[in-house]
Structure formats: C-alpha cells, structure tokens
Amino acid sequence: MHLIFIRHADPDYNNDSVTEKGRKELELLSKRMAGFNATEVYVSPMGRAQRTAEAVLSSLNVDMTKPPVEVKTLPWLREFSYDCKDPKTGKTRLCWDNLPRDYFFERKYRSDKKWTDTKLMKSGDISGHYREVCDGLDEILSSWDYNRLSVDVPIYNCFPHLTHEEAAVDTHLLQNQKNLDEKKIVFVCHLGVMFAMISHLTGMSPVQLWQGFFVAPSSITVLGAEERIPGEVVFRVQRLGDVRHLESMGESASASGFFGNFLTI
C-alpha cells in the first residue's frame, strides 16, 4: 500500500481558492498524474484543496461521484489551523505557528507523547483535533484491513502479503522489491494536516514536522508500507514535497508557508 499526499496548489487565501500561479501548477500536476491508478481519493472541504482535487481527478478521468475510484470529502482533512492562546502575549494564534525560540526551548514539543501537554496546546482543544485526524486516518486504513497495533505504537496488522520464507530473506539492498499491495490512497489536503497524519504514521511529534519540514504547494509526498514481518506493516516516507512536475517544465515552486526562498536545484 502507498499513501499519496498532495498539497493544494499555490493558495489564494482571501478567496479560499488558488492563484493564477496555482492554476499553472495544477495544469502541470494534472499532466503528471495522467493515468495514475488511484484506489481511493480523499479531499479536504476547503476551496483550494477542492480546486486541486478537481484538476487531479480530471487527469485520472474519474467522476467525483461514481466508481471506479471512490472520492470523498472529509471534514477532518481541512487545514489544521486551530487556534491557541499564546501564554506570553495572551493573543490568539495558530497552534503550529511557533517561533523557533518557543519551539526549541520547550522539550515537550519534541515528544510524541507530551507535545499536547504544553501551555499553548492546552489553551485550545488541540489534542481533540489531532485525535480526530488520527482516528479518521486509521478508519480508512482499517477499511482495507490495516489495523493499528495500539494508539501509541505505529505498527499496523494486515493480511500477510509475504510468506515467512520470503521475510527471512534480507532484501533491503535490492533495487526492486516484491509489490506487496497495489492499493494507492490519495489525500488532497494541506501542509498542517498532512504533517499531523505523517506524525501519526511514523511515531513523531507533529510539532517537529510543522517546525522542521516544508512541502511546497502542489507537491507530492509518498509513504510506502514496509512488511518485514508477515502481516505487520509500518509506513515510511519515500518522497517528501516532490515538485519535479513544476521544475521539469521551468515553473518555480511556491514558497507559500515558508519564511524564505524556495531553492531550485
């Protein structure tokens, strides 16, 4: 199984849509996704994600209301833009909008168990919103018989795709591996909620991802399932913020959400 996360195109936040640049990005993203064999598509209800999903789905030749690919808009896939009260200033701000000094001097933020115990996170129902996202994701995985071992352990039991004999062979240096499960679940959403889901899948604090990582608008992030023990799966990042559909056509990536320039190499 592969989980594909697509961040919406360059955002027009005032109108909850995409900019003119965003429309160019969607044209190139649509070409990249042409013929892609998605199993299911889940979309944020926010306008900029809906516009992005429409472009992707038109490329896949998928009707948004009919098989073969199921497409659902899920409320919890909205941007993780929940408010907290700053303990220093008393002002309201987004839960992931920490200054570096605030983040690095509070060790709890780097703990996958304690990050919601900070004064900032406790001032809003951040734990509840995060749990809603995690439970929603696990419900989708469970529908395909991938069931999480426990709330605290990011290991999923599943129907075995490997035999014990195959698992006993060390293949980690091989270029190609057996295709364990061809299902591809696509999420069209936002940076904040995407990182919340990835943190749940990898056992990290989401604050580490919000503070330490960036993915550009219209980028593609892929997590693949690894089954080293038959019937036991973990998810691992294979691509993060891939924008080659832009750069290969001479279109620069947007730095929206980043406090600096986007470097093209």
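What follows is a walk through the aromatic contacts and salt bridges of this structure. The model is predicted, so local features need pLDDT of at least 70 and side-chain atom pairs count only at pLDDT 80 or more, while totals for chains, interfaces and linings use all residues. Residues are numbered from 1 along each chain as its sequence is written, and side-chain values use heavy atoms, with hydrogens and water left out.

Let us begin with the rings. The whole structure holds 12 aromatic pairs, where rings of Phe, Tyr and Trp (its six-membered ring) pair if their centres lie within 6.5 Å, and planes under 30 degrees apart count as stacked, over 60 as edge-to-face and the rest as tilted. One of these is the stacked pair of Tyr 42 and Phe 187, at 5.8 Å centre to centre and 25° between the planes. This pair links distant parts of the chain, with Tyr 42 in strand β4 and Phe 187 in strand β10, 145 residues apart. Strands here are DSSP runs (E, at least two residues), as are helices (H or I, at least four), numbered from the N terminus. Tyr 42 is buried at 4% relative accessible area, and Phe 187 is buried at 0%; buried means under 20%, exposed over 50% and partly exposed in between (1.4 Å probe, protein chains only).

A second pair to look at is Phe 214 with Phe 258, whose centres are 5.2 Å apart and whose planes are at 50°, so the pair is tilted. Here Phe 214 sits in the loop between α8 and β11, and Phe 258 in the segment after α9, 44 residues apart. Phe 258 is partly exposed, at 42% relative accessibility.

Now for the charged side chains. There are 18 salt bridges, each a side-chain nitrogen of Lys or Arg within 4 Å of a carboxyl oxygen of Asp or Glu. Glu 251 pairs with Lys 21, with the closest N and O atoms 2.7 Å apart. That bridge joins the segment after α9 to helix α1, across 230 residues. Glu 251 is buried at 18%, whereas Lys 21 is partly exposed at 22%.

Helix α1 also carries Arg 32, which reaches Asp 242 in strand β12, 210 residues apart.
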